[in-house]
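Thanks for passing this one along.

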Amino acid sequence: MTRLTRAVAPMLLATLSASAQAANDADLAAIRDQIETLKHSYEQRIAALEARLAQAETKAAAPAPLPADTGSASTYAAASNPAMLHAGPAPANGFNPEISLTLQGRYKNMKDVAERRISGFASASHDHATNGVEGFSRRGFSVDHTELSLAANIDPYWRGQAIFAVLDGETEVEEAWFQSLGLDHGLGLKAGRYLSGIGYLNEKHPHAWDFADAPLMYQALFGEHGSYAQDGLQVKWLAPTPVFLEFGAEIGRGANFPGSDRNSNDGGSHALFAHVGDDLGDSHSWRAGLSYLRTRARERESHFEDLNGMEAQGAFTGKSTTWIADFVWKWAPDGNPKYRNFTFQSEYFLRREQGDLSCRDEEGIGNLCAGDMTGDYHTRQSGAYVQGVYQFTPNWRAGLRYERLDSGNQDLGANNATLTIDHYRPRRATAMVDYSWSEFSRMRLQYAQDKSMRGLTDNQITLQYIMSLGAHGAHKF
């Protein structure tokens, strides 16, 4: 190596080393810039997500309404499974329950009948089904079924609701229950006092009916109030299938008609039901169901007439078995029921009762059954109704309903010799039109030709108002 080479080489090596170092520094700086850019970008995204989370929590603090009733079976599936609606942490208003008040009143023009009852069927001793001029049978102006409701999520796992019914200065607990929110595998649990899941109309409160009164079928089954309430336990299972498929079972005290309070440790009533439904395209949906109810009665009171036309007091002890089949079909253009929709609804029941009927003269009027006659009691009765309701504008609806019952076979045993067996087929035809200013206010005009009592045709005109205040979720399918 020459002297020049030995002198230049270190200089070249130093220059190359400096260049390499500068290149490394540039790469590191670029990497650091990229890291800072990513950090800034993620900080912005995290800030945006935190803002959305805060907004969602604010919305969750408000009462969460049920999904709007679009007339689809899929909507009903969501409304029937509270876990699908209320899953997740309890809202911030857990100690500030949703409160609603439903005001109902009416003017009713009908014949003056001393004692209203459906001919051929045992009368119910329900608080809302008293005879004469009480409750739903009152003529002229009256305040109707008024309801006060309180509801809230208890915690992430349970929800509770209490509904108080007010009528003529008397208040009763119509419903008071809690239900699960987070059970897995489609299971739902409800306990307390609740409207049974049997049939289609039974779970609906009077303000959600399409007519001013319950069908004759429900009045004959459960009294003029038209629903069967349980004090007990209900279990539902929503199957993981493409179509809506629900099964339910109940066990309860069975104190309401057609049963009676037996003051027993075992359940006085048992119920089973199954519902299936689906959407047909975008505009049609349907639901069908089959229900079974078995109750026990002890000294269940009812009124009869002896062969001389005098009133007799009957007391039934035995079992009552009821089957109910229901079908509902709904139509709404493209699934939007806001402007136009149509609903067809029908239910059929078959009831059998077997036990012992005692006949008494508790009023001392000297009827033929004085002396407390007792005998076997067997009945097989049925009935049905069909109705259609068409909403032709966002505010106006019109509907028709036809009902027919069959008093069927009645064997009063030893009392056949003293009591009148009333074989009759009650029927009624009803037309209504109503106007809704909003989903919270409605006025209804109704005409009915009522032939539910033998020998009497009662042309009835009813003008009804329904006003809802406060939180009010959508109704079920």
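1. Is asparagine 153 buried or exposed? In this predicted model, asparagine 153 has a relative accessible area of 8%, and because buried means under 20%, asparagine 153 counts as buried. You will find asparagine 153 in strand 3, which covers residues 146–155. The side chain of asparagine 153 has a polar contact of 2.7 Å with the side chain of arginine 159.

2. A word on confidence before going further. The mean pLDDT of the protein chain is 83, and 75% of the residues reach at least 70. Confidence is highest in strand 16 (residues 441–451), at a mean of 98, and lowest in helix 3 (residues 82–86), at 42. Residues 61–70 have a pLDDT below 50, and this stretch makes 28 contacts in the model beyond its near neighbours in sequence. Residues 125–135 also fall below 50, again with 28 contacts beyond near neighbours in sequence. Where pLDDT is low, the predicted coordinates should not be read in detail, so please treat such contacts with care.

3. Now the overall picture. The protein chain holds four helices and 17 strands. It has 477 residues, of which 44% count as buried. Among contacts with a separation of 6 or more, 65% are between residues 24 or more positions apart. The accessible surface comes to about 23700 Å², and carbon and sulfur atoms account for 59% of that surface.

4. Strand 7 (residues 229–238) runs antiparallel to strand 8, with seven bridges between the two. Strands 7 and 8 form a hairpin, with five residues between them. Within this pair, valine 235 has alanine 249 of strand 8 as its bridge partner. Strand 8 also pairs with strand 9 (residues 269–280), again in the antiparallel sense, over nine bridges. There, leucine 245 has valine 276 of strand 9 as its bridge partner.

5. The two faces of strand 8 deserve a look of their own. In a regular strand the side chains alternate between the two faces of the sheet. In strand 8, the covered face carries Phe244, Glu246, Gly248, Glu250 and Gly252. The uncovered face carries Leu245, Phe247, Ala249 and Ile251. Two of the bridged residues from the previous point, leucine 245 and alanine 249, belong to that uncovered face.

6. In soluble globular proteins, nonpolar side chains tend to be buried together. The largest nonpolar core here has 20 residues, and those that touch the most other members are Ile198, Met217, Tyr218, Phe222, Ile324, Phe349 and Leu405. Helix 4 (216–222) and strand 9 each supply at least two residues, and helix 4 gives the most, with six. Another core lies apart from this one and has ten residues, including Phe316, Cys369, Tyr377 and Leu412.

7. Which residues does tryptophan 329 touch, leaving aside those up to four places away in sequence? They are His284, Ser285, Trp286, Phe342, Thr343 and Phe344. With histidine 284, tryptophan 329 makes a side-chain polar contact of 3.4 Å. Tryptophan 329 sits in strand 11 (residues 311–331) and is partly exposed, with a relative accessible area of 27%.

8. Finally, some backbone geometry to check. Most residues other than glycine have a negative phi, and most peptide bonds are trans. Histidine 185 has a positive phi, near 60 degrees. Histidine 185 is in the loop between strand 5 (170–180) and strand 6 (187–195) and is exposed, with a relative accessible area of 70%. Glutamate 299 also has a positive phi, of about 55 degrees. Glutamate 299 is placed in strand 10 (residues 284–305) and is partly exposed, at a relative accessible area of 38%. The peptide bond from phenylalanine 257 to proline 258 is cis, with omega near 20 degrees, and proline 258 lies in the loop between strand 8 and strand 9.

Technical notes
Residues are numbered from 1 along each chain as its sequence is written. This is a predicted model: local features need pLDDT of at least 70, side-chain atom pairs count only at pLDDT 80 or more; totals for chains, interfaces and linings use all residues. Side-chain values use heavy atoms; hydrogens and water are left out. Buried means under 20% relative accessible area, exposed over 50%, partly exposed in between (1.4 Å probe, protein chains only). Two strands pair if DSSP finds at least two bridges between them. pLDDT is the predictor's confidence in each residue, from 0 to 100. Contact means heavy atoms within 4.5 Å. A nonpolar core is a set of buried Ala, Val, Leu, Ile, Met, Phe, Trp, Tyr and Cys residues joined through side-chain atoms within 4.5 Å. A polar contact is a pair of N or O atoms within 3.5 Å; within protein, one must be able to donate a hydrogen and the other to accept it, and residues adjacent in sequence count only if both atoms are side-chain atoms. Accessible areas come from the Shrake-Rupley method with a 1.4 Å probe; for residues, only the protein chains shown count as cover.
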